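Student: I would like to go through the contacts in this model one at a time. Please put the structure up first.

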Amino acid sequence: HLHPGQTKAWESKARFVDMQSGCVAGETLIDNPFGVSQRIDGLASKGKPIWVWSFNGSKLVPAKATSPFKKGVARLYKLSTESGREMVTTLDHRMLSLQNGHSAWVFVGELLRQLTSQDNDVLVAYGLPQECLPSLRESNLPLTYPLYDKWDRVIKIEYVRTDEYYDMSVPVYGNYLANGLIHHNTHGGKTEFGVDWLKREIDAC
């Protein structure tokens, strides 16, 4: 299990790690429980708290996040997966990945190292498509939705540009769903659960 404040060896070995500086590009689509996905830069301009989907150790659950905010300028890298998902982040942004048979928060920079060193398949966790998720417009809180024990294979991580990047905090769960993938927030928040993946099969829709 990966507990709050705990890092695995593959995280600590990443030379570019800065625990407080990683996050995502402005075009990142934040998936929310209202059935829509919105760009994080647009949400930041509104300056209001938002709702997100968070992973609680076994399910996607609605969670309240702080207002996203512009964090700075950094080199940005695009992560592409076999299924066609794409995500632009800093190298010190963490995503949920399968490592030695266990799920763990791993820096994108370390995923790049694994990919270029031709280790085993580099896998990241994904949530259900937005159209398959229930909507808060149709249900009352609390609302949950179980996840697949499924992983998407990373096929490429490449530098794309130097640009502004954004962050936010998701209290309690410390993570959110964006571009269909599961991300750790780097600003505040905490993860109050172990992230060994729930072993079950469900139908997608």
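Student: Which residue forms a salt bridge with Lys-71?

Tutor: This is a predicted model, in which local features need pLDDT of at least 70, side-chain atom pairs count only at pLDDT 80 or more, and totals for chains, interfaces and linings use all residues. Residues are numbered from 1 along each chain as its sequence is written, and side-chain values use heavy atoms, with hydrogens and water left out. A salt bridge here is a side-chain nitrogen of Lys or Arg within 4 Å of a carboxyl oxygen of Asp or Glu. The closest N and O atoms are 2.7 Å apart, and the partner of Lys-71 is Asp-167.

Student: How many residues apart are Lys-71 and Asp-167?

Tutor: Helices (H or I, at least four residues) and strands (E, at least two) are DSSP runs, numbered from the N terminus. Lys-71 lies in strand β6 and Asp-167 in strand β12, so the pair links distant parts of the chain, with a separation of 96 residues.

Student: Is Asp-167 buried or exposed?

Tutor: Buried means under 20% relative accessible area, exposed over 50%, and partly exposed in between (1.4 Å probe, protein chains only). Lys-71, at 24%, is partly exposed. Asp-167 has a relative accessible area of 0%, so this residue is buried.

Student: Which residue meets Arg-85 in a salt bridge?

Tutor: The N to O distance is 2.7 Å, and the pairing is between side chains. Arg-85 sits in the loop between β6 and β7, 67 residues from a partner in strand β12.

Student: Where are Arg-113 and Glu-110, which meet in a salt bridge?

Tutor: Their side chains meet at 2.8 Å, N to O. Arg-113 is partly exposed at 40%, whereas Glu-110 is buried at 2%. The two are 3 residues apart, and so separated by about one helical turn, in helix α3 (residues 108–116).

Student: How many salt bridges does the count come to?

Tutor: Beyond the pairs above, Glu-27, Arg-161 and Asp-163 are linked in a network of salt bridges. By the same cut-off rule, the count comes to 9.

Student: Which residue in β7 stands opposite Lys-78?

Tutor: Two strands pair if DSSP finds at least two bridges between them. Strands β6 (residues 69–81) and β7 (residues 86–89) run antiparallel and are joined by 4 bridges. They form a hairpin with 4 residues between them, and Gly-84 in the turn has a positive phi of about 105°. Opposite Lys-78 stands Val-88.

Student: What does Thr-89 touch?

Tutor: Thr-89 is found in strand β7 and is buried, with a relative accessible area of 1%. Contact means heavy atoms within 4.5 Å. Not counting residues up to four places away in sequence, Thr-89 touches Cys-23, Val-24, Arg-75, Leu-76, Tyr-77 and Val-108.

Student: Which residues touch the most other members of the largest nonpolar core?

Tutor: A nonpolar core is a set of buried Ala, Val, Leu, Ile, Met, Phe, Trp, Tyr and Cys residues joined through side-chain atoms within 4.5 Å. Of the 36 residues in the largest core, those touching the most other members are Ile-30, Val-52, Ile-157 and Tyr-176.

Student: Which residues does the second core include?

Tutor: That core is separate and has 10 residues. Among its members are Phe-55, Leu-96, Trp-105 and Leu-123.
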